[in-house]
Amino acid sequence: MSVSVEREIAKCSKCGKCRSVCPVFLETKREGMVARGRVSLAEALFRGRLSDTAKLRLYLYGCLKCLRCEDACPSAVKFGAIISEARRKLGGRVSLPWFARLGMRAMLSRRRLFDAVVKAAALAEKVLPRRKEGKVRHLPMLLGDGRGLPEIARKSALKSLDDYTGPAGAERKVALFLGCLVNYAYPEIAGAMIRVLNAAGAGVYVPKGQVCCGAPAASLGDEALVRRLAEKNAAAFSALGVEAIVVGCASGGAMLKNEYPAVMGKENPLGAPVLDFSEYMASHIDKLSGRFPGRVVWHDPCHLKFVQKISRQPRSLLAEISDFEDYEGADYCCGMGGVFSAFFPDLSLKIAARKTDALKKAAPDAVVTGCSGCILQLRDRFSAEGSNVRVMHIAEVLAAAVGSDDQPRRDAS
Amino acid sequence: MGYASPSKAALAKLESIFGERFSADPEDLVVASYDATKREGMPGAVVWPISTEEVAALVRLANEEGFAVAARGAASGLTGGAVPAPGSVVADLTTMDAILEIDRANLTALVEPGVIVSKLQAEVERLGLFYPPDPASDEFSTIGGNIAECAGGLRGLKYGVTRDYVLELTAVTGAGDVIRTGSNTIKSVTGYDITRLIVGSEGTLAIITKARLKLIPLPEGLATAVAFFASPHQAGEAVSAMIAARLLPRALEFVDGATMGVVAKAKGYRFPQDAQALLIIEVDGAAAQVPQDLRRAVEIARANGAIAVEEAYSDADREKIWAMRKQVSPSLYSASPDRVNEDIVVPRSRIPEMLDALGDIARRHGLTVCNFAHAGDGNIHVNFLVDLADRAKAEAADAAVDEVFKTAMALGGTLSGEHGIGLTKKRFLGYEVAPLEMRIMREIKKIFDPKGVLNPGKIFPEE
């Protein structure tokens, strides 16, 4: 156990406050499924008092890493660091089938291979029955049964977007980090972000060398893979000379901001500050004009609110251009948690049900958020319930407000 | 009495009763071994009962097979009451968490022990009703644990503590019998008050499986002020003067200068220069009356030397004051590796003397002490900031705590206002409880729990 993690473990006063905020604990009511218990289990693992068992893995992997517990902790214990180190210790023994693990290693770090596999999956979709218009089931080995996943775009965002969009002499230039879901499933979100950023006066680079942020690998405890991905992304972004790297995905932003400096052992590894899309746009709020019609509410992605501490910015943006309202449960987790939902599909759905209940009570015209994982989960849940609530990325809402679509969008097809 | 871990046969019987709600996996034992004291006792098994009958079956089996049983809620207690004696079977009651009834006609609520206190508060407040006990842990501690420890909180001065709100209990005695105590009425003198005996008994007499609680109407108005003083004495005088003036604020929270310094440093607060104590005063009642009461309290604070006062009448402003108060505990957690935390009580008129003595004790032992208090009821939270890994400091803290208790006794006070005795204070019990009374307590324990299977090792000093 590293000295820093040992110190974090010692800081836990075992007060139990995390029991009041953990979405997984609220459903399971098991001490092994909450930060205080997991900290104790990690300590016992590090000290050799517990060995690697299926139950230990259940408790150490049955965490969304939403980090609500860190946010609430009176002793400021860095729970994320403890759980990450525990998973690294268990690393390589996670209960993913070995071929999936190997496949992930090979795929996530190689864009062309990833492209090819996703294309194959897209072909498979054509022969599988559609559950609902625009949604299909695929990759069942990764996401369990019964989940509707977004249709894979005919052309990924990275393939359809230009390297640079905006006036050649733009006074401000930013680079866009897309994230895998946006790249393959929601390229229209990438288009919307570019339109809004252009309207705010920023030229936008989309470096083609960017790869997966590494969040799934980090969740599984594969540190070597995270480092490899971080280095590839650093190579793609660090020479651009932009004022910021803008990220439209809460989990990706959390990785780039917090994990990259740690695994690469240097400050500012991407050569420019990393900002969430709403964080960047909040300082250009004066550039917004026009309105988005209808009542909207915000869903706080955990990795935005509790990891990046961003919750005010998207609200002020939405209040500026729409009929925005807050509601009870705005920061309640959607239950997606990346690979969490692959390992614990039932638990994921239970957590999601609390969220959709809160949203149904709020009954907005559109639910707006800033994380492609949350979008996937919420759209799937609403569609499974036969509800027609729209779930949108904040860039899509702002794009409607900045008006004319004189900029490229998703490959129209 | 020493207890062995449950035998293989006993474990098999437990599994046949509880099925999937039984575990002897080391992972489940590790996470049932501690409470907020960070002390540990490794249990022999954990079960998650869902009914009174299951708890009774468990305790009967304990009597037959000779293992101990430790009831467990959120395990947020501060004296080790929920730390199992090694080898015990832990009964984790947090899944029994139904609010069975809120009786609006009679102003009562019937609850299971695993209900989270703040959840109950929110549910009854929605109906214009009020459950006043509010320990700092109310967002995660359970009603069962609150009853077993007789939890207090900030509103004790005006509204009393948990014991004042328990009307009726269903519980399983140490013999495995299901008993019902008390009455679903406000008045009842039918025999001995066994309900009150169980409240605060720390799981040593009976395991509570159902409780009927008294509710009161939710006060319609609230107003809050914070007053700063150049000396803790003046703050103490202001408290006495308010009560003498027949003002009964719902909260009168005292924070001393050392604690203010820690909060200022940790959280960036800026308090008035020269302030060496602060009082938070909160009044409630009829909406029209509340501002008048707060102004009277503020006048009294000023008359007793307050150097600055801020009044808050809106929820947003009130929240700001309480947000600062809520930073006290977290700031102390981060100010030192460990804190030795006691919750003595003295008659409120003796608070200034006790504070002086605490400063003196800390100085003599070379320790830093931070005190905050529910001043209205004389309940002082004494925090020695130490690194217990440093042997000399740990011994100094030990000696200091001993003196704190002796001083509290000398001033006519009590060892614990709301945390209980548990493991951490049992060696001091004799300071307050004389041999005769101690014998009565031990005899009562025997009547409820002849074989001593319930939560052994708590409250009483080793014989």
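Student: Which backbone nitrogen does the side chain of T37(B) reach, and at what distance?
Tutor: This is a predicted model. T37(B) sits in the loop between α2 (26-30) and β2 (45-47) of chain B. From there, its side chain reaches the backbone nitrogen of R39(B) at 3.1 Å.

Student: Leaving aside neighbours within four places in sequence, what is T37(B) in contact with?
Tutor: T37(B) is a loop residue, placed between α2 and β2 of chain B. Beyond its sequence neighbours, its contacts include G77(B), L78(B), T79(B), G80(B) and V83(B). The list also holds T424(B).

Student: What is the mean pLDDT of chain B?
Tutor: In chain B, 99% of residues reach 70 or more. The model scores ipTM 0.95 and pTM 0.90. The mean pLDDT of chain B is 95.

Student: What is the area buried between chain A and chain B?
Tutor: The contact takes 25 residues from chain A and 24 residues from chain B. Carbon and sulfur atoms give 56% of the buried area. The total is about 2,200 Å².

Student: Which residues in chain A lose the most area to chain B?
Tutor: Three residues together account for 24% of what the chain A side buries. They are K14(A), K29(A) and R30(A).

Student: How many salt bridges are there between chain A and chain B?
Tutor: Take one salt bridge in detail: the side chains of D28(B) and K55(A) meet at 2.6 Å, N to O. The salt-bridge count is three.

Student: Which element gives the most to the side of chain A that touches chain B?
Tutor: Two elements give two or more residues to that side: α3 (35-46) and α4 (54-61) of chain A. By class, the side has eight nonpolar, nine polar and eight charged residues. With four residues, the top contributor is α3(A).

Student: How far apart do the C-alpha centres of domain 3 and domain 4 of chain A lie?
Tutor: Chain A is divided into domain 1 (3-91), domain 2 (98-149), domain 3 (157-283) and domain 4 (288-402). Domain 3 puts 27 residues in contact with 26 residues of domain 4. The C-alpha centres of these two domains lie 21 Å apart.

Student: Which three residues supply 22% of the area that domain 3 of chain A buries against domain 4 of chain A?
Tutor: The two domains bury about 2,100 Å² between them, 73% of it on carbon and sulfur atoms. No other three residues of domain 3 supply more than this trio. They are Y186(A), A250(A) and S278(A).

Student: How many salt bridges does the rule find across the interface of domain 3 and domain 4 of chain A?
Tutor: Polar contacts do occur: the count is five residue pairs, both residues at pLDDT 80 or more. The side of domain 3 that touches domain 4 divides into 16 nonpolar, six polar and five charged residues. For salt bridges, the count is zero.

Student: Which helix gives the largest share of the side of domain 3 that touches domain 4 in chain A?
Tutor: Several elements of chain A each supply at least two residues, among them α11 (180-184), α13 (215-220) and α15 (250-264). The largest share is seven residues. It comes from α12(A).

Note on methods
Residues numbered from 1 in each chain as written. Chains lettered and ligands numbered in written order. Heavy atoms only, no water. Domains from an automatic or database assignment. Contact = heavy atoms within 4.5 Å. Buried area = accessible area lost by both parts, 1.4 Å probe. Salt bridge = Lys/Arg side-chain N within 4 Å of Asp/Glu carboxyl O. Polar contact = N/O pair within 3.5 Å; in protein donor to acceptor, adjacent residues only side chain to side chain. Nonpolar A, V, L, I, M, F, W, Y, C, P; charged D, E, K, R; others polar. pLDDT = per-residue confidence, 0-100.
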